[in-house]
Amino acid sequence: MNPSLIGSLAALGTTAAFLPQVVRVWRTRSAHDISLTMYLLFIAGVALWIVYGLQIGSMPVVVANGVTLVLALAVLVGKLRFDRAD
């Protein structure tokens with residue numbers, strides 16, 4: 001199998017994995033069981049992947065991690081917003 005195809009499928013799978021969590025947090029207006037520390041560390045790691053992708057000139061790495069960053073930030077915003085409401 002083509003390595004680019006494998007990479008694209010991996011990026012699609014790991015990025016899409018965040019969609020159910022984003023939807024759940026925003027529908028239920030609850031993020032009580034989500035670890036703030038985990039999401040802060042994850043967001044920092046994804047941001048570094050974006051920097052790495054830019055440095056090596058890999059747009060698939062940049063785009064996949066850019067979308068993942070947006071989704072992870074949506075969960076983080078929900079966590080900060082809805083935990084205060086509790």
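**Helical organisation and side-chain contacts of the predicted chain**

The chain comprises four helices and zero strands, helices (H or I, at least four residues) and strands (E, at least two) being DSSP runs numbered from the N terminus. The structure is a predicted model, in which local features need pLDDT of at least 70 and side-chain atom pairs count only at pLDDT 80 or more, whereas totals for chains, interfaces and linings use all residues. Residues are numbered from 1 along each chain as its sequence is written, and side-chain values use heavy atoms, with hydrogens and water left out.

From the N terminus on, the order of elements is α-α-α-α. Along the principal axes, the C-alpha atoms of the chain fill a box of roughly 50 × 25 × 15 Å. Of the 86 residues, 29% count as buried, where buried denotes under 20% relative accessible area, exposed over 50% and partly exposed the range in between (1.4 Å probe, protein chains only). The chain exposes about 5800 Å², of which 69% is supplied by carbon and sulfur atoms; these areas come from the Shrake-Rupley method with a 1.4 Å probe, and for residues only the protein chains shown count as cover. Among contacts (heavy atoms within 4.5 Å) in the chain with a separation of 6 or more, 73% are between residues 24 or more positions apart.

Helix H1 spans residues 3-16 and contains 14 residues. The distance from its first C-alpha to its last is 20 Å, close to the 20 Å expected at 1.5 Å a residue, the expected span being 1.5 Å times one less than the number of residues. At the start of H1, a side-chain oxygen of Asn2 comes to within 2.7 Å of the backbone nitrogen of Ser4. This pair is described under the polar-contact criterion, namely N or O atoms within 3.5 Å; within protein, one must be able to donate a hydrogen and the other to accept it, and residues adjacent in sequence count only if both atoms are side-chain atoms.

Thr15 also belongs to helix H1 and counts as buried because its relative accessibility is 10%. Residues up to four places away in sequence aside, Thr15 touches Ala64, Val67, Thr68 and Leu71. A polar atom of the Thr15 side chain lies 3.4 Å from the backbone oxygen of Ala64.

The largest nonpolar core has 16 residues, and those with the most contacts inside it are Val25, Ile34, Tyr39 and Val75. Helices H2 (19-28), H3 (36-56) and H4 (59-85) each supply at least two residues of this core, with the largest share, seven residues, coming from H4. Such a core is a set of buried Ala, Val, Leu, Ile, Met, Phe, Trp, Tyr and Cys residues joined through side-chain atoms within 4.5 Å. Not counting residues up to four places away in sequence, Ile34 touches Gln21, Val25, Tyr39, Val75 and Lys79.

One salt bridge is present in the structure, defined as a side-chain nitrogen of Lys or Arg within 4 Å of a carboxyl oxygen of Asp or Glu. The side chains of Lys79 and Asp83 form this pair, at 2.6 Å from N to O. Both residues lie in helix H4, four residues apart, about one turn of the helix. Lys79 is buried, with a relative accessible area of 9%, whereas Asp83 counts as partly exposed at 27% relative accessibility.

Arg24 is located in helix H2 and is exposed, with a relative accessible area of 58%. The C-alpha atoms of Arg24 and Gly78 are separated by 10.0 Å, although the two residues are 54 residues apart along the chain.
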